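Subject: A structure for you to look at

Hi there,

Here is the structure I promised to pass on. Have a look at it first, and then read my notes below.

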Amino acid sequence: MDAALAAGADAVGLVFYSPSPRAVTSDLARSLVQRIPPFVTRVGLFVNETPLRINAILDEVELDLLQFHGDETDAYCRQFGRPFIKAARVRPELDLVEFARSFPAARALLLDAYVEGYGGGGKTFDWTLIPPGLPLPLILSGGLQPENVADAVRGLRPWAVDVSSGVESAKGIKDAARIAAFVAAVKDADA
Ligand SMILES: O=C(O)c1ccccc1N[C@@H]1O[C@H](COP(=O)(O)O)[C@@H](O)[C@H]1O
């Protein structure tokens, strides 16, 4: 968290998905979000979570944006009355325009590779599968790292990029130097 903030990240995410090696408890999340300054977006990531647990977390942890990474519907995502983004797990047979149209309340569409376990797999997908004219702002993710993110930013001009595995030294262990290199590469490519 400190490394992301020092590097100048616009948003930081907290994973509330217990099978993930990055999962945090609401107690830890509450203490972490207190370090986040104004104007940095506090994102909570959920995968097919129960509304009961999400509402309990929202009561305890100040979150600005919800990231739904499972099989949730638009109606499900909007019930919390918070801004949200919806992840699509990209594979050739998925019509991304139709998928995006089915989430009219979403702030953005996050594109991730199709992996077992729903996400955070460190795998890129074929960026040529992204159609022109998506009806939602695009957040690109999936296998991004300091070494390939400049190509992604220059080639696809996404609204934002998101990273997890690519800035880790081992699964679930963030690496401050890789975080700094990633954010620097994004800012350089966007200049
Ligand atoms: O980070 C996780 O553990 C995770 C678990 C379940 C769903 C999504 C998860 N992370 C998100 O997955 C994408 C891609 O991550 P990676 O960079 O390829 O590791 C990204 O949006 C993460 O926020």
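Let me start with the ligand: the shell around the ligand has eight nonpolar, 13 polar and three charged residues. For these classes, Ala, Val, Leu, Ile, Met, Phe, Trp, Tyr, Cys and Pro count as nonpolar, Asp, Glu, Lys and Arg as charged, and the others, Gly among them, as polar. Of the 24 residues around the ligand, Ser20, Gly119, Gly120, Ser164 and Ser165 come nearest. A residue is near a molecule if its C-beta atom, placed from the backbone, lies within 6 Å of it. Strand S1 (11-15) and strand S5 (108-113) each give at least two residues to this shell.

A word on how to read the rest. This is a predicted model, in which local features need pLDDT of at least 70 and side-chain atom pairs count only at pLDDT 80 or more, while totals for chains, interfaces and linings use all residues. Residues are numbered from 1 along each chain as its sequence is written.

Now the overall picture. The protein has seven helices and nine strands; these are DSSP runs numbered from the N terminus, with helices (H or I) of at least four residues and strands (E) of at least two. Its radius of gyration is 16 Å, which agrees with the value near 16 Å for a compact globule of 191 residues. That radius is taken over C-alpha atoms, and the globule rule is 2.2 Å times the number of residues to the power 0.38. Of the 191 residues, 32% count as buried. Buried means that 20 or more other C-beta atoms lie within 10 Å of the residue's own, exposed means 12 or fewer, and partly exposed is in between, with C-beta atoms placed from the backbone.

UniProt, in an unreviewed entry, places the feature "domain: N-(5'phosphoribosyl) anthranilate isomerase (PRAI)" at residues 3-184. UniProt positions are given in the numbering used here, feature names are shortened, and annotations may be inferred rather than shown by experiment. The end C-alpha atoms of residues 3-184 lie 12 Å apart, and the span is 28% helix and 21% strand.

Which residues of H6 are buried? They are Val149, Ala152 and Val153. They cover an arc of only 95 degrees around the axis, so they sit on the same side of H6; the arc is that of the directions from the helix axis to the C-beta atoms. Arg154 and Gly155 are exposed, on the face turned away from the buried side. Strand S6 (138-140), strand S7 (160-161) and helix H7 (176-190) are among what covers the buried residues of H6.

Just after H6, Arg157 has a positive phi of about 45 degrees. Arg157 lies in the loop between H6 and S7 and counts as exposed, because it has 11 C-beta neighbours inside 10 Å.

Is Glu72 buried or exposed? Glu72 counts as buried because it has 20 C-beta neighbours inside 10 Å. You will find Glu72 in the loop between strand S3 (65-68) and helix H4 (74-78). Leaving out residues up to four places away in sequence, Glu72 touches Asn48 and Cys77, where contact means C-beta atoms, placed from the backbone, within 7 Å. Asn48 has a positive phi of about 45 degrees, although it is not a glycine.

Enjoy exploring!

Best wishes

Notes
Contact = placed C-beta atoms within 7 Å.
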